[in-house]
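Have the structure open as you read.

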Amino acid sequence: MSDGPVKSLGMPRHLRDLKERASNLAYSIDQVSEAHVCAVKKDFKNAPLSEVRSILGGGEQRSLSLEDRTKLFDALSQSHRGSVVAVTLIDCAKEVLANGMQGDSACEEALQNALRAHSQNRFHQIEEHHYREGSSSELNIRERLTDAEEGCSYDKLASQLMTDIPSQRDLRLPKRTGIDEGPLL
């Protein structure tokens, strides 16, 4: 997907880190996967997860009809219009609700779907930036990102995000300073 003659905005630092690792063969797939998990956590740290969880199911919301919940999701979507992550999560929650799911299991399912969808969108963005910069065409960055995604467990990540908000330490890639932590030979 191209934005035509208008150049895209720069990528945030956490995505540049992921792109750097994916586009450099010195980084293993595990290291690319590690950057992917950090990037996803950073993107979802301000997602309206508690509101989605509330609408999908617990306590007083249990008696609401499908229409009422859909209206609540529409209102929540309007209040988070500028956030792609929030809108993706809300859309996935609406889909899960339409499939008849409720409660924490529905919220976790919606979050997993949102994580997958958002990751795919980010991969497209990273790939486009990679080729726009004129980087080597020998490297298939999409393949490396897909391989790294296989090392990421979205269900585990979703349950982590549902239980606690990631700390600042969780949102940064660990520094590798030891002599044995360099690229594999």
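What follows covers a cavity, a helix beside it and one arginine.

## The cavity

Keep in mind that this is a predicted model. Rolling a probe the size of a water molecule over the atoms shows where empty space is left. Here, one cavity of 30 Å³ or more turns up, and the largest cavity holds about 40 Å³ of space.

Who lines the largest cavity? The residues are Leu15, Leu18, His36, Ala39, Val40, Asp43, His118, Ser119 and Arg122. Sorted by class, that lining has four nonpolar, three polar and two charged residues. Three helices, α1 (13-22), α2 (29-44) and α6 (103-132), each put in at least two residues, and α2 gives the most, with four.

## Helix α2

So how does the span of α2 compare with what its residue count predicts? At 1.5 Å a residue, its 16 residues should span 22 Å, and the end C-alpha atoms do sit 22 Å apart, so the two agree.

## Arg21

Now look at Arg21, which belongs to helix α1. Is Arg21 buried or exposed? With a relative accessible area of 7%, Arg21 falls under the 20% cut-off, so Arg21 counts as buried.

Definitions and conventions
Residues numbered from 1 in each chain as written. Predicted model: local features only at pLDDT ≥ 70, side-chain atom pairs only at ≥ 80, totals over all residues. Heavy atoms only, no water. 1 Å grid on protein atoms, 1.4 Å probe; cavity = no way out; pocket = protein on both sides within 12 Å on 5 of 7 lines; lining within 4 Å. Points joined across faces, edges and corners; volume = space filled by probe spheres on them. Nonpolar A, V, L, I, M, F, W, Y, C, P; charged D, E, K, R; others polar. Expected span 1.5 Å × (residues − 1). Buried < 20%, exposed > 50% of the residue type's maximum accessible area, 1.4 Å probe, protein only.
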